[in-house]
Amino acid sequence: MPESPRIEIDSDSGFCFGVVTAIRKAEQELSQTGSLYCLGDIVHNSNEVDRLVAKGLRTITHDTLRTLSGCKVLLRAHGEPPSTYETARQRGIEIIDATCPVVLQLQKRIKHAYDTTRHLPSPPLILIYGKPGHAEVNGLVGQTDGTAMVIQGTSDIDRVDLSRDILLYSQTTKSLAGFQQVIHEIQRRKTSGQFRYFDTICRRVAGRLPRIRAFAASHSLILFVSGRKSSNGKALFEQCREVNPTSHFISGPEDIDPAWLKSVPSIGICGATSTPRWLMEKVADTLRRITTPI
């Protein structure tokens, strides 16, 4: 009779500090009032969102925010532009601010850079390495009255006016290697003007990349648990698959294909910064049930 595979959950996977704080603040308010609005998904994981919805959390859009008044609204870890705070002030909305401290610090740095240079005859271009339309990036661009430019990678540098002075920042959850590629390419192509860059990538998130690669390489099969909307999840999964081709992206235990588990000596379970620990535990429990010999 074949033995059951060894099953391990990556101890470094799961919610980052910012997400933990946002969920704790939401749960505290829900335990007291049973109702709370959240501007956007509190975390890019539908399972966790559903859990909090059952407790009374209601996800709203910016359009909905402009119709509310006299209520409480939680701002998630991604952060928001100044316009959101102004809307809340005008509508008499109480903000429960769960912006990640790392994101908040970056917002302040960009706002300071913008405020102190915008009146110059030739102000520098504030450039943000990040995902266009991402909630955090929207909040960063908002610090510059919408004047900052967003690039996703080196291929976007063709659109940048390299003759201008440039101040480069990064979305906190982007790849450090990708950021360095952008820096090197701008340095290579820039022939005039100043270029300053600021490494604003969260080390708690960036540090997960080498650790998750090592974890993925140590198992025969990897099940990466993440919400489909998570940019961080997509990036970390690709790192797993690069070192272990037998890696599968799943949203929950219902996505497990028993055919993957045949003759597998070890299974590693890991996830994104938006993946709750309880969901990875649920995947592990399902694996034990499927693989335990009768």
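## Overall picture

Residues 24 or more positions apart supply 70% of the chain's contacts with a separation of 6 or more. The model is predicted. The chain has 294 residues, and 52% of them count as buried.

Eleven helices and twelve strands make up the secondary structure of the chain. Along the principal axes, the C-alpha atoms fill a box of roughly 80 × 55 × 25 Å.

## Helices H5 and H6

Helix H5 covers residues 101-117, and its axis comes within 8 Å of the axis of H6. The two axes cross at roughly 30°. Angles under 35 degrees count as roughly parallel, so H5 is roughly parallel to H6. The crossing of H5 and H6 is right-handed.

Which residues meet here? H5 brings Val103, Leu106, Gln107 and Ile110. H6 brings Glu136, Gly139 and Leu140. By class, the contact of H5 with H6 holds four nonpolar residues, two polar residues and one charged residue.

## Helices H9 and H10

Helix H9 spans residues 208-217, and helix H10 spans residues 231-243. Their axes come within 8 Å and cross at roughly 40°. Roughly parallel would need an angle under 35 degrees, and roughly perpendicular begins at 65. H9 and H10 are therefore oblique to each other. H9 passes H10 in a right-handed crossing.

On the H9 side, the contact is made by Leu209, Ile212, Arg213, Ala216 and Ala217. On the H10 side, Leu236, Gln239, Cys240, Glu242 and Val243 take part. The contact of H9 with H10 divides into seven nonpolar residues, one polar residue and two charged residues.

## Ser274, a loop residue

Ser274 lies in the loop between strand E12 (266-271) and helix H11 (277-291). Is Ser274 buried or exposed? Its relative accessible area is 6%. Buried means under 20%, so Ser274 is buried.

What does Ser274 touch, leaving out residues up to four places away in sequence? The list is Phe15, Val43, His44, Asn45 and Ser230. With Ser230 there is also a polar contact, side chain to side chain, at 3.3 Å.

Most residues other than glycine have a negative phi. Asp145 is not a glycine, yet it has a positive phi of about 55°. The loop that holds Asp145 runs between helix H6 (135-142) and strand E7 (149-151). Asp145 has a relative accessibility of 56%. Exposed means over 50%, so Asp145 counts as exposed.

Ser263 is another non-glycine residue with a positive phi, of about 55°. Where is Ser263 found? Ser263 sits in the loop between strand E11 (247-250) and E12. Its relative accessible area is 77%, and Ser263 is therefore exposed.

## Around strand E12

The loop between E11 and E12 contains Ser263, and the loop between E12 and H11 contains Ser274. Ser263 is exposed at 77% relative accessible area, whereas Ser274 is buried at 6%.

Technical notes
Residues are numbered from 1 along each chain as its sequence is written. Side-chain values use heavy atoms; hydrogens and water are left out. Axes are lines fitted to C-alpha atoms, for helices over the stretch in contact, and angles run from 0 to 180 degrees between N-to-C directions. Helices (H or I, at least four residues) and strands (E, at least two) are DSSP runs, numbered from the N terminus. Angles under 35 degrees count as roughly parallel, over 145 as roughly antiparallel, 65 to 115 as roughly perpendicular and the rest as oblique. A crossing is left-handed if the near helix is turned anticlockwise from the far one by less than a right angle, and right-handed if clockwise. Contact means heavy atoms within 4.5 Å. Ala, Val, Leu, Ile, Met, Phe, Trp, Tyr, Cys and Pro count as nonpolar, Asp, Glu, Lys and Arg as charged, and the others, Gly among them, as polar. Buried means under 20% relative accessible area, exposed over 50%, partly exposed in between (1.4 Å probe, protein chains only). A polar contact is a pair of N or O atoms within 3.5 Å; within protein, one must be able to donate a hydrogen and the other to accept it, and residues adjacent in sequence count only if both atoms are side-chain atoms.
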